[in-house]
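Here is a short report on one protein model. Look at the structure first, then read on.

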Amino acid sequence: MERTLVIIKPGTLQRGLAGEIISRFEKRGLKLVAMKMKQLDQKILDVHYAHLKEKPFFPWLCDGMMAAPVILCCWEGFEAVKVVREMAGATNARKAVPGTIRGDYSMSAQENIVHTSDSLENAAIELDRFFSPEDYCDYPSPLNSYLYAPDEK
């Protein structure tokens with residue numbers, strides 16, 4: 001099973017949509033194995049968004065991510081990175097199709113509800129950035145046999 005990071009952004013929390021977003025991942029069949037609320041600071045955002053540091057919108061991105069706490073979630077499931085990315089929709093929410101999280105709840109490229117890991121490799125790096133090994137809760141799910149075929153477990 002793969003694990004991936006989802007950051008529920010400050011604007012999502014402020015709009016009272018956090019429960020709705022978490023519920024969508026749960027209803028899809030993903031398993032929540034770690035979650036915590038955290039106030040991000042410039043130091044961690046400089047690392048997390050290092051690939052965007054030279055972009056003109058970087059200061060606004062950081063300001064938005066520090067405006068309120070975020071909810072950090074680790075979701076687990078078969079092909080979890082791909083599934084979560086597809087559920088989130090296009091980064092620019094104006095291009096996200098209805099039915100995706102961004103397509104249903106956002107009109108912005110930055111204030112776009114969630115951050116999701118874009119690859120299995122980046123998911124591992126990002127999860128290590130925000131979670132310690134003791135943060136994860138491994139527990140059996142009695143639903144797995146209803147969610148996955150035997151060769152997908």
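## The cavity lining

The lining of the largest cavity divides into 3 nonpolar, 2 polar and 2 charged residues. Here Ala, Val, Leu, Ile, Met, Phe, Trp, Tyr, Cys and Pro count as nonpolar, Asp, Glu, Lys and Arg as charged, and the others, Gly among them, as polar. The lining residues are Lys9, Pro10, Leu61, Gly64, Met65, Gln110 and Glu111. Helix α4 (residues 58-65) gives the largest share, 3 residues.

A cavity is a set of points on a 1 Å grid over the protein atoms alone, where a 1.4 Å probe fits but cannot get out; lining residues have an atom within 4 Å of a point. The count is 1 cavity of 30 Å³ or more. The largest cavity has a volume of about 40 Å³, the space filled by probe spheres set on the points, which are joined across faces, edges and corners.

## How the model is read

This is a predicted model: local features need pLDDT of at least 70, side-chain atom pairs count only at pLDDT 80 or more, and totals for chains, interfaces and linings use all residues. Numbering starts from 1 along each chain as its sequence is written, and side-chain values use heavy atoms, leaving out hydrogens and water.

## The sheet

Helices (H or I, at least four residues) and strands (E, at least two) are DSSP runs, numbered from the N terminus. An open sheet is formed by 4 strands, in the order β2-β3-β1-β4, with antiparallel pairing (at least two DSSP bridges between two strands). At its edges lie β2 (31-38) and β4 (114-116), each pairing on one side only. The twist averages 20° from one strand to the next.

Strand β3 (residues 70-77) pairs with β2 over 7 bridges, in the antiparallel sense. Leu72 in β3 is the bridge partner of Lys36.

## A helix on the sheet

Helix α7 (residues 120-130) packs on the sheet and touches β1 (2-8), β2, β3 and β4, with contact meaning heavy atoms within 4.5 Å. The direction of α7 makes about 60° with that of β1. Axes are lines fitted to C-alpha atoms, for helices over the stretch in contact, and angles run from 0 to 180 degrees between N-to-C directions.

Notes
1 Å grid on protein atoms, 1.4 Å probe; cavity = no way out; pocket = protein on both sides within 12 Å on 5 of 7 lines; lining within 4 Å.
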